[in-house]
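Trainee: I have a structure to go through. Can we take the strands, then the pockets?

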Amino acid sequence: MAKVAVLGHGVVGSGVVELFHKNKHSIESKAGQPMEVKYILDIRDFPNLPYSDRFTKDFQVILNDPEISVVAEVMGGLSPAFDYVKSLLEHGKSVVTSNKELVAAKGAQLLHIAREHNVNFFFEASVGGGIPIIRPMHQCLAANEISEIAGILNGTTNFILTKMIHDQMGFDEALKMAQQLGYAERNPAADIEGHDTCRKICILASLAFGSHVYPNTVHTEGITKLTLEDVAYAEDWGGVIKLIGRARRLPDGTLSAGVFPAFIAEHSQLANIDDVFNGVLIRGDATGDVVFYGRGAGKFPTASAVVADMIDVAKANTTSKSLCWEDSDGNQVVDIETVPFSFYLRLTSPRDESFPAAVKALIPEAGELHRKNQPADEWAFVTPAMPEQELKKLLDELLRPGDKLLTRIRILDY
């Protein structure tokens, strides 16, 4: 029998325990042995639950119980989660987690400790919630050289952008609706400023390219500065705006990684992923583009991935050889301003019809965009691909007193 423990009884933790009880027969059948939740760690009391006798407030009880072989960490954050997980692995207990912050910051170290002690550290739920993405990458796509990953990795921002695109709802109003529906936290900064997406693309990039990509090396922008005017210009261009986490191997072996709003053509599979759904595109040399789609968060979708990892751990008799990457100093990630992109620019200028001519003189291939009720002093252009460093120099040369750059958004081809 595999006896397990769950650290945390919040949204995901309660979902894990409920799934264990609801689907006990099928879970045990797939694990090939009986499985039982022996402990649930939480500082709160839950006296009215049918499994209230399983709760403990003392982590040491779990750590020092030799019957516990698998632990699910679903508390979130780095402290005390990192210390708990590190201690569990060092005591020969496998750990599964939904904690993206932990994996993005400490994944290489924890995977190394797991290998040293012949146990497993699994984290399927840390990126796509209920979307299978980690296991397909290191197993099903193992024969591929992955060159690029791009994804809509945050349901809150995707919901907000969907409302802006399809309902002409302003950012503030869409954010308020997301909070009312429970999609956004009272403090939504981690979502709308791109930090949640950054952690997830770091995990995917680390796995795909074999060396740890740290969040502080990844250029990160959110969606707080986007307007309905930008949405309208994207439509005229032939696409939509999505918040994209992206990592790409460059010809010299270095990596380009970033989180930013991007124009995506309307025919792209990523363009049609709406509301709170997530989608991840993996570009392999053998498969071409493969897209994974589904609910990226939520109580039971995330709990489903956690429990699936626990089943896999229960079946394993050694450390996974394919779920791994090495630590790094972060120098493999290049400055995003050195990587060529096409850009959408929205500007104001009192120079009337002379302004487009000035733009074309500096950027001959710039294409002009239009929108309904466009003010006479507002202009929008799409540039050819160039490093942002070069674009900034051109803009410094272009802009005169009275001119203003309102928006700069990258354009991606998927």
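Trainee: How many bridges join strand β2 to β3?
Mentor: Strands are DSSP runs of E, at least two residues, and helices are runs of H or I, at least four, numbered from the N terminus. Two strands pair if DSSP finds at least two bridges between them. β2 (residues 35-41) and β3 run parallel, and the bridges joining them number 2.

Mentor: A caution: this is a predicted model, where local features need pLDDT of at least 70, side-chain atom pairs count only at pLDDT 80 or more, and totals for chains, interfaces and linings use all residues. Residues are numbered from 1 along each chain as its sequence is written, and side-chain values use heavy atoms, with hydrogens and water left out.

Trainee: Which residue in β3 stands opposite Ile 40?
Mentor: β3 covers 55-56 and is an edge strand, pairing on one side only. The residue opposite Ile 40 is Phe 55.

Trainee: In what order do the 6 strands form the open sheet?
Mentor: The pairing is parallel. The edge strands are β3 and β6 (121-122). The order is β3-β2-β1-β4-β5-β6.

Trainee: What volume does the largest pocket have?
Mentor: A pocket is an open set of points on a 1 Å grid over the protein atoms alone, where a 1.4 Å probe fits, with protein on both sides within 12 Å along at least five of seven lines; lining residues have an atom within 4 Å of a point. Points are joined across faces, edges and corners, and a volume is the space filled by probe spheres set on them. For the largest pocket, lined by 39 residues, the volume is about 1200 Å³.
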